[in-house]
Amino acid sequence: MSKLLTWRDVIDRPWPPMVDVTEATRQMTMKNATRFRGSVRLACGRIWTADEYEKRRQRILSKPLP
Amino acid sequence: MTSSTDEKWRKIVEIHNSTKALYLLSEEITTELFAFYQPINELRNAEEHIVRSKSAELGMSSHGNAEETKNYIEGALDSALGHEYRAFFDTCDWLAMELRGQIDSDLDGYSRETINSVLPDYYPKTRLRIEEISQKIATLRGEKDIDKTGVIVNGVKSYEDIIKELHEIRKNINSNVSRFEEYVKNVKKIEAATIIKNKINEDLKEYGPETINAVLPDYYSKTSPKIEEICKKISGIKENPNIIEIEEYEKLITELGAIRDEISLRVPVLVEHAKSVKRDEKRRRSQDIMIYAVWTGVIGSVGFGVVWWLGKTFLGF
């Protein structure tokens, strides 16, 4: 069974990898926003998901300027 | 701390604050007020390495002898620097993408003629520069390598400078958006002038110069030259839309509109005049035919009389 480690145990351990922001992440963040202080944008779900950001990036950079 | 460690800290502080400044700007200018969390993730990882480094420096964690501890601290700071660097480039990438998108959005829907008239430098200089900047960003992104510390800081400075330049270009284009609208309105006014002139031509095309002269005695001497003068002025405005004030357009259009109103009010008179001219012509033609017939009758009768007299006198009819 997993146990809570002390700070000395974790000092050289990496953080858990941060997974891509998805629509599910956004919905969960918005749902729990009332329980936490923090960014208004996060609370309102105004964050790019990884897919949205990449699609937007590709669209903007591939479009020739007028 | 060694001078080498100090140097790493200086770079971290410099890059971190550059990232922060650009991130704040990105959040501010993003039109949809969306945030992008990839750079924040990199900062979280940088913080992890900074904490490790500081814990070793304070003796809170053990990493062997003094030399090994020093190496550990420097290694952790290098890793922190690498994450700070990635955070910086992710933020720059985001900001550059947003700025380019906004430039595109500002110019979207306007013709090349409109853009060229309002921003004469756009096609010969600015657009080329934006493309150069995009290529430069791609090159710098390709060069980013955490092992080449010199490249990192130089890359940061170059990237920061070109982002600033792109931001200035965007501000300049954005500040001219109202002028695009004004120009489009002016072009519409010019088109309106052409429509008015065509309507005048339409009103008069069925009538000959005599009829027009009879009903509108000033048309050829004053009105027509005036119309040409107004249209010429409007063509001049089209060529230099930034110089002539909008009031000038309105004045000319109003004047042309008044001329057209005046002519269209006289159209029924023109119609009536044309009809009366036709009636007169018909009557004159009838009279001509009658005179011809009478003269033909008279000449015929006289001729017949002469033939009859000659016959009677010389041939004994």
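The legends below accompany close-up views of a predicted model.

**View 1. Confidence of the prediction along chain A.** In this predicted model, chain A has an average pLDDT of 85, and 98% of its residues score at least 70. Among the elements of chain A, the lowest mean pLDDT, 84, belongs to helix H1 (residues 7-10), whereas the highest, 89, belongs to helix H2 (residues 23-32).

**View 2. The contact between chain A and chain B.** Chain B contributes 23 residues to this contact, and chain A contributes 17 residues. On the side of chain B that touches chain A, the elements that give two or more residues are helix H2 (38-57), H3 and helix H5 (122-143) of chain B. Sorted by class, the residues on that side of chain B comprise 11 nonpolar, five polar and seven charged.

**View 3. Helix H4 of chain A against helix H3 of chain B.** Within the pairing of the two chains, helix H4 (residues 50-62) of chain A packs with helix H3 (residues 66-107) of chain B at an angle of about 55°, their axes being 9 Å apart. The two helices, H4(A) and H3(B), are therefore oblique to each other, and the crossing in which H4(A) passes H3(B) is left-handed. From H4(A), the residues Arg57(A), Ile60(A) and Leu61(A) take part, and they meet Met97(B), Arg100(B), Gly101(B) and Asp104(B) in H3(B). Divided by class, this contact of H4(A) with H3(B) has three nonpolar, one polar and three charged residues.

**View 4. The helices of chain B.** The secondary structure of chain B consists of 11 helices and zero strands, so that, read from the N terminus on, its elements follow the order α-α-α-α-α-α-α-α-α-α-α. Chain B has 317 residues, of which 28% count as buried. Among the contacts in chain B with a separation of 6 or more, 81% are accounted for by residues 24 or more positions apart.

**View 5. Helices H2 and H3 of chain B.** Here H2(B) and H3(B) pack at an angle of about 165°, with 8 Å between their axes. Because an angle over 145 degrees counts as roughly antiparallel, H2(B) is described as roughly antiparallel to H3(B). The two helices, H2(B) and H3(B), cross in a left-handed manner, and the residues of their contact fall into 11 nonpolar, eight polar and six charged.

**View 6. Helices H1 and H3 of chain B.** Helix H1 (residues 3-29) of chain B and H3(B) have axes that come within 9 Å and cross at roughly 25°. That angle makes H1(B) roughly parallel to H3(B), and H1(B) passes H3(B) in a left-handed crossing. The contact of H1(B) with H3(B) is made up, by class, of 17 nonpolar, seven polar and six charged residues.

**View 7. Val277 in helix H11 of chain B.** The residue Val277(B) belongs to helix H11 (residues 267-315) of chain B. Val277(B) counts as partly exposed because 15 C-beta neighbours lie inside 10 Å. The C-alpha atoms of Val277(B) and Glu210(B) are separated by 10.0 Å, while the two residues are 67 residues apart along the chain.

Terms used: Residues numbered from 1 in each chain as written. Chains lettered and ligands numbered in written order. Predicted model: local features only at pLDDT ≥ 70, side-chain atom pairs only at ≥ 80, totals over all residues. Axes fitted to C-alpha atoms, helices over the stretch in contact; angles between N-to-C directions. Helix = DSSP H or I, 4+ residues; strand = E, 2+ residues; numbered from the N terminus. Parallel < 35°, antiparallel > 145°, perpendicular 65-115°, else oblique. Left-handed = near helix turned anticlockwise from the far one by under 90°. Contact = placed C-beta atoms within 7 Å. Nonpolar A, V, L, I, M, F, W, Y, C, P; charged D, E, K, R; others polar. Buried ≥ 20, exposed ≤ 12 C-beta atoms within 10 Å, placed from the backbone. pLDDT = per-residue confidence, 0-100.
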